[in-house]
Amino acid sequence: MQSKINIIALVAGVSTLLLIVISLFVPWWQFSVGNPAIAKVNVSPVNLNLNILGNTLSDPIVYALNIGSALTLAAGGIIMLIYSVKPDKSYSKKLLGFAYKKPLYAVILFVIGLFSLTFLADRFSGISVPLMGSSAMSLPQGMMPEGANISVGVTAGFVWPFYFAIVVAGLCVAARVYHRKISVSTPLPPPPPAPQ
Amino acid sequence: MVAALSIALALISIGCILGPVGAVVIIYHDDLTQLVITPEIRDIMNGNSSILPDMGQSNDGNSNNNGNSELGGLMAPVFVSAQFDDTTNTFTGVFNITNSLSEDLTLNSFSTDVSITQTDIPAGNVMLSSPVTVHAGETTQLTVTGQWSQTALDYITNNYGGASSVDLSLTNISINVNGIVIQTAGSVQISVPTNVVS
């Protein structure tokens with residue numbers, strides 16, 4: 001019997017693993033202070049850090065959640081690969097159901113988190129952080145030396161791995177849709193011979 | 001088989017998140033606040049971080065740093081030389097600035113109003129002649145220019161005849177370093193050699 005492969009799932013699985021590696025080094029969203037930048041916030045589900053004047057600051061709980069995200073995505077990618085070569089087994093749908101949601105959730109949670117971050121920064125510190133584009137950001141009076149006024153040129157924007165993540169999430173959803181096609185086209189096994 | 005797989009996948013989902021989070025909780029169990037606020041972040045919040053330059057200097061009207069004023073805490077200028085052109089009442093001052101940080105800094109603009117400290121007579125204004133980039137850990141020269149008012153020059157000529165320096169007040173200081181614009185409402189007191197103003 002010829003073995004089937006869900007080619008879309010195969011590409012999605014490889015892309016998911018590739019996305020993890022890329023996201024470790026290139027952020028999904030970047031916020032720069034100054035031109036040339038003297039501070040940067042690099043954000044991706046697997047790496048969130050703050051770089052001030054060449055010093056990188058990270059937070060243990062954020063670091064742990066980043067590792068958790070990387071492991072979750074890696075599990076999703078590996079299981080998607082396993083599924084892709086065994087799409088017609090009885091357990092295949094379980095594997096696919098687990099794997100295809102991971103990049104999708106990563107993108108959705110990332111966007112929600114980013115909106116929350118900018119909203120909370122505005123709400124609690126009075127700093128209006130743009131999601132995209134450049135602006136001049138005035139620091140609240142409480143954060144400045146007495147009698148001083150500090151205005152900071154900031155730039156923010158999504159970086160190409162974010163768009164790649166959307167493509168990966170799309171591939172995973174496509175793999176789920178393609179699974180239905182495979183299921184429909186798979187011939188039913190011959191019925192067992194009737195007892196004599 | 002499928003039921004066992006479901007359980008295994010659920011455990012993977014939970015373990016991927018709880019594993020790393022549990023690990024850092026165990027590592028920092030003595031002081032769980034460090035999970036969120038590390039000593040470096042706490043120093044920044046308290047304003048005594050060695051990472052950030054001190055921006056909160058001298059607007060109390062009492063500072064006197066012999067013509068050397070920190071540029072927003074990012075670069076420290078050191079007076080080198082000055083020339084005065086008495087036909088146009090203009091002067092040119094040269095300073096060395098050192099960037100002790102690990103990032104390149106560009107001083108895009110600097111301007112200030114100047115007055116004579118003793119009398120508050122407006123003396124003129126001073127500005128950066130052209131933007132200067134100081135690479136990380138390096139020292140370079142910047143040139144500032146200004147034009148003195150005739151009233152101030154007359155006052156200095158009449159009252160500072162034998163003096164080696166003149167006390168001046170800098171107000172409305174505006175500094176643009178790497179797109180960060182710092183404006184101070186207070187004044188900074190400096191003492192400059194008399195050859196800069198006469």
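## Confidence of the predicted model

Within chain B, the predictor's confidence is lowest in helix α2 (residues 39-46), where the mean is 75, and highest in helix α1 (residues 2-27), where it is 92; this confidence is expressed as pLDDT, a value given to each residue on a scale from 0 to 100. Averaged over chain B, pLDDT is 80, and 83% of the residues of the chain reach 70 or more. Over residues 56-68 of chain B, pLDDT stays under 50, and for this stretch the model has 32 contacts beyond four places in sequence, where a contact requires that the C-beta atoms of two residues, placed from the backbone, lie within 7 Å. For the complex, the predictor gives an ipTM of 0.78 and a pTM of 0.78.

This is a predicted model, in which local features need pLDDT of at least 70 and side-chain atom pairs count only at pLDDT 80 or more, while totals for chains, interfaces and linings use all residues. Residues are numbered from 1 along each chain as its sequence is written, and chains are lettered from A and ligands numbered from 1 in the order in which they are written.

## Fold of chain B

Chain B contains 3 helices and 9 strands, and these follow one another along the sequence in the pattern α-α-β-β-β-β-β-β-α-β-β-β. Of its 198 residues, 26% count as buried; a residue is buried if 20 or more other C-beta atoms lie within 10 Å of its own, exposed if 12 or fewer, and partly exposed in between, with C-beta atoms placed from the backbone. Among the contacts in chain B between residues at least 6 apart in sequence, 61% join residues at least 24 apart.

## Helix packing in chain A

Helix α1 (residues 7-25) and helix α2 (residues 60-85) of chain A have axes that come within 8 Å and cross at roughly 160°; the axes are lines fitted to C-alpha atoms, for helices over the stretch in contact, and the angles run from 0 to 180 degrees between N-to-C directions. The helices α1(A) and α2(A) are therefore roughly antiparallel to each other, given that angles over 145 degrees count as roughly antiparallel, those under 35 as roughly parallel, 65 to 115 as roughly perpendicular and the rest as oblique. Residues of α1(A) in this contact include A:A9, A:G13, A:T16 and A:I20, and those of α2(A) include A:A70, A:L73, A:G77 and A:M80. By class, the contact of α1(A) with α2(A) has 12 nonpolar, 5 polar and no charged residues, where Ala, Val, Leu, Ile, Met, Phe, Trp, Tyr, Cys and Pro count as nonpolar, Asp, Glu, Lys and Arg as charged, and the others, Gly among them, as polar.

The axes of α2(A) and helix α4 (residues 101-125) of chain A also come within 8 Å, and they cross at roughly 145°. In this contact A:S69, A:T72, A:L73 and A:G76 of α2(A) meet A:K102, A:P103 and A:A106 of α4(A), and the residues divide into 3 nonpolar, 3 polar and 1 charged.

## Interface between chains A and B

Between the two chains, 32 residues of chain A are in contact with 39 residues of chain B. On the chain A side, the elements that give two or more residues are β4 (55-57), α2, α3 (92-99) and β6 (148-158), and the largest share, 9 residues, comes from α2(A). The residues of this side divide into 18 nonpolar, 11 polar and 3 charged.

Most residues other than glycine have a negative phi, and most peptide bonds are trans. In chain A, however, a cis peptide bond with omega of about -5° joins A:N35 and A:P36, and A:P36 is placed in the loop between β1 (29-33) and β2 (39-44). In chain B, B:N172 has a positive phi near 50° and lies in strand β7 (residues 165-177), where it is partly exposed, with 14 other C-beta atoms within 10 Å. A positive phi of about 50° is also found at B:N178, which is in the loop between β7 and β8 (180-184) and is buried, with 22 other C-beta atoms within 10 Å.

Strand β7 of chain B also holds B:D167, which counts as partly exposed with 14 C-beta neighbours inside 10 Å. Leaving aside residues up to four places away in sequence, B:D167 touches B:T117, B:Q118, B:Q189 and B:S191.

Conventions:
Helix = DSSP H or I, 4+ residues; strand = E, 2+ residues; numbered from the N terminus.
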